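Good morning. Please look at the model first.

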Amino acid sequence: MPIPIILPKFGFTLETADIVQWLKQDGDSVRAGDPICEVTTDKVNMEVEAPESGTLIGQRFEAGATVPVTEIIAYLLRPGEARPSELPSTETVGNLSIREVNEAESRADVSPITTVSPVAQRMAEAAKIDLTQVKGTGPNNRITRRDVETMLAQPTGKVRATPAARHLAEQSGVNLQNVNGSGPHGRIQSADVQAVVEAATAISHAC
């Protein structure tokens, strides 16, 4: 059965996001982590990534559309899986179990839009560094050779967190060492950071 790709929640209070453009088209092959579309909120532009490797199909919204968070925006066929004659209808999608919806949402990832210099790309591949975990310091957040070298110099035991969670933590001044991750293998997600921010706000107001 095709994997539903969910528009992730960027925060507890956010209800919609706008699709700026599709970076992959129907029938395109994608690898896990490849950006498939660019979306925007009232605060920042982000990219939605492919949750697994496969073929993108069934895009449900055009560029410029305003989409509710947690809505299915497209589907993904696993390698070797045949394209079905019909994709699940909206009604069928609505009957997915809570577990299936949660799993689909947890697979959906977002990251700040960035670019990588060719030298940094080669260095990262050689060192097997996940570039989504590297903060770019070049123009427009471009990842440079120096950024990869800085990553290599860091001690092991780095906190596991999605790019969106790191971006939100940086904006909010949250130390990821103090956040409990709810994602797979304890990976910190943006909702975990948002929960810490809201809890801190509630405490400050109570005082």
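I begin with Arg78, which is partly exposed at 37% relative accessibility. Partly exposed is the range between buried, under 20% relative accessible area, and exposed, over 50%, with a 1.4 Å probe and protein chains only. Before going on, the conditions: this is a predicted model, where local features need pLDDT of at least 70, side-chain atom pairs count only at pLDDT 80 or more, and totals for chains, interfaces and linings use all residues. Residues are numbered from 1 along each chain as its sequence is written, and side-chain values use heavy atoms, with hydrogens and water left out.

What does the side chain of Arg78 meet in a salt bridge? The partner is Glu52, at 3.4 Å from N to O. A salt bridge here is a side-chain nitrogen of Lys or Arg within 4 Å of a carboxyl oxygen of Asp or Glu. Arg78 sits in the loop between strand 8 (72–77) and helix 1 (90–94), and Glu52 in the loop between strand 5 (45–49) and strand 6 (54–57), so the pair ties together parts 26 residues apart in sequence. Glu52 is also in the partly exposed range, at 23%. Helices and strands are DSSP runs numbered from the N terminus: H or I of at least four residues for helices, E of at least two for strands.

By the salt-bridge rule the count is four. Another of them joins Glu71 and Arg60, with 3.3 Å from N to O. This pair links distant parts of the chain, 11 residues apart: Glu71 is in the loop between strand 7 (66–68) and strand 8, and Arg60 in the loop between strand 6 and strand 7. Glu71 has a relative accessible area of 26%, and Arg60 has 29%.

A further salt bridge is between Arg145 and Glu149, whose closest N and O atoms are 3.1 Å apart. Why are these two separated by about one helical turn? Because they are four residues apart in helix 4, residues 145–153. Arg145 is partly exposed at 49%, and Glu149 is partly exposed at 36%.

The largest nonpolar core has 21 residues, and Ile5, Ile36, Val48 and Ile73 have the most contacts inside it. Such a core is a set of buried Ala, Val, Leu, Ile, Met, Phe, Trp, Tyr and Cys residues joined through side-chain atoms within 4.5 Å. Strand 1 (3–6), strand 2 (16–22), strand 4 (35–40), strand 5 and strand 8 each supply at least two of its residues. Apart from this core lies another, of 10 residues, including Val159, Val174, Val179 and Val193.

Contact means heavy atoms within 4.5 Å.

Strand 5 has four of its five residues buried, so the rest of the structure largely encloses this strand. Strand 5 pairs with strand 4 in the antiparallel sense over five bridges; pairing requires at least two bridges found by DSSP.

Finally, the whole chain. The protein has six helices and nine strands, and 39% of its 207 residues count as buried. Of the contacts between residues at least 6 apart in sequence, 61% join residues at least 24 apart.
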